[in-house]
Amino acid sequence: MSATEGHDHSHDHDHGHDHGHGHGDDFDWESMADRLERDATMVLPIVDAIVHDLQPALDWATVRHLLDLGCGPGIVSCALAQHAPAAQVTALDSSVPLLSRVRHHAADAHLATRVHAVQADMETALPAMRPMDVVWAGMVLHHVAHPGEVLAALRHALQPGGTLVMIEFAGPSRVLPAHDPLVPAWDHLEAASAQARNARIGRDPTSVDWSSLLAAAGYVDIVDRVMVARHPAPLGAAPRSWIEQHVRSGIEFVEGQLSADDIAALHRLADEAHGRDDLFVRVERRVLTARTPGG
């Protein structure tokens, strides 16, 4: 199973998450990888905040093995390697094209000796590897048919006292000032995207009781909260590009679910994304952290 990393997704459209299954040989992996990289870049502030919040209980300088589960193109894998300078990072995904991006990013960041791309499907079985100090599961477990079983397998793979980090969907993203005339169209897009996402994966991931699943799988010290990545106005090039692509790919994803007026307004927003100085990006994620007993 593949998934975006840390967002957004990851964004709120599921077309950025389903890259492990059901695509033919003509699927545009390059476009998918580009979207996932843009999404991951938008949530890097949340990654940094999680790392900070886990200190001092987790000393990142002492982490020796970290698993990035459903790593996508490796943006977060490389960020985590920077935060854990002594760690070997196993970047696991089922997609060969995305793992090629992992290797590219690791080489560019001079992390090729520490970030290792591994092809595997976590719903089949985790590959044999030495016990892990940290498992990072960003925007991936909502795809799993039986997440409790996967969480239990991860607990057994972690060291006693090891740390699990889960990142999942929360509320909709925001990019417009409150009273902007384009806000209704944006809200309709986010709502339609969430509905289409839920239909595709067969559940509403925002309503899953992840804390109870973690407790049932044997984890302790469970913390469940919503965290926000903020990119304030005026935006740089990367967030502007994210807005444009989020809108254009979102319209395609929810085909037939938006009015002609909404579509026209959204295309206007995409066209204006690189020129307006009042746009911002606010992305919410649900973050759960937990430990394995002992240690």
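1. R286 is buried, with a relative accessible area of 12%. Buried here means under 20% relative accessible area, exposed means over 50%, and partly exposed lies in between, with a 1.4 Å probe and protein chains only. The model is a predicted one: local features need pLDDT of at least 70, side-chain atom pairs count only at pLDDT 80 or more, and totals for chains, interfaces and linings use all residues. Residues are numbered from 1 along each chain as its sequence is written, and side-chain values use heavy atoms, with hydrogens and water left out.

2. Stay with R286 for its setting. This arginine sits in strand β7, residues 281–291. Helices (H or I, at least four residues) and strands (E, at least two) are DSSP runs, numbered from the N terminus. Contact means heavy atoms within 4.5 Å. F169 is 117 residues from R286 along the chain, yet their C-alpha atoms are separated by 5.7 Å.

3. Now the overall fold. The chain has 8 helices and 7 strands. For 295 residues, a compact globule would have a radius of gyration near 19 Å, and the chain agrees at 19 Å. That radius is taken over C-alpha atoms, and the globule rule is 2.2 Å times the number of residues to the power 0.38. Along the principal axes, the C-alpha atoms fill a box of roughly 55 × 40 × 40 Å. Of the 295 residues, 53% count as buried. Take the contacts between residues at least 6 apart in sequence: 81% of them join residues at least 24 apart.

4. The largest nonpolar core has 61 residues. Those with the most contacts inside it are I50, W60, W136, I243 and L269. Helix α1, residues 29–54, gives the most to this core, with 8 residues. A second, separate core has 24 residues, among them A120, L151, M166 and A290. A nonpolar core is a set of buried Ala, Val, Leu, Ile, Met, Phe, Trp, Tyr and Cys residues joined through side-chain atoms within 4.5 Å. In soluble globular proteins, nonpolar side chains tend to be buried together.

5. W136 deserves a look. Not counting residues up to four places away in sequence, W136 touches V47, I50, W60, L67, D68, L69, V76, L80, V165 and I167. Two of these partners, I50 and W60, are named with W136 among the residues with the most contacts inside the largest core.

6. Check the surface and charge. The chain exposes about 11,800 Å², and carbon and sulfur atoms supply 52% of it. Accessible areas come from the Shrake-Rupley method with a 1.4 Å probe; for residues, only the protein chains shown count as cover. There are 22 positive and 40 negative side chains, and the centres of the two sets lie 5 Å apart. Lys and Arg count as positive and Asp and Glu as negative, while His and the chain ends are not counted. Each charge is placed at NZ of Lys, CZ of Arg, CG of Asp or CD of Glu.

7. Where are the cis peptide bonds? One joins Q55 and P56, with omega about 0 degrees. P56 lies in the loop between α1 and β1 (65–69). Another joins A233 and P234, with omega about -5 degrees. P234 is in the loop between β6 (220–231) and α7 (237–253).

8. Two backbone angles need a check. M139 is not a glycine, but has a positive phi of about 60 degrees. M139 is in the loop between β4 (132–138) and α4 (147–157). M139 is buried, at 0% relative accessible area. D221 is not a glycine either, and has a positive phi of about 55 degrees. D221 lies in strand β6 and counts as partly exposed, at 49% relative accessibility.

9. A192 lies in helix α5, residues 183–201, and is buried, with a relative accessible area of 9%. A192 touches V254, Q257 and L258, again not counting residues up to four places away in sequence. A192 and E255 are 63 residues apart in sequence and 9.4 Å apart in space, C-alpha to C-alpha. A237, in helix α7, is exposed, with a relative accessible area of 61%. A237 and A145 are 92 residues apart along the chain, and their C-alpha atoms are separated by 38 Å.
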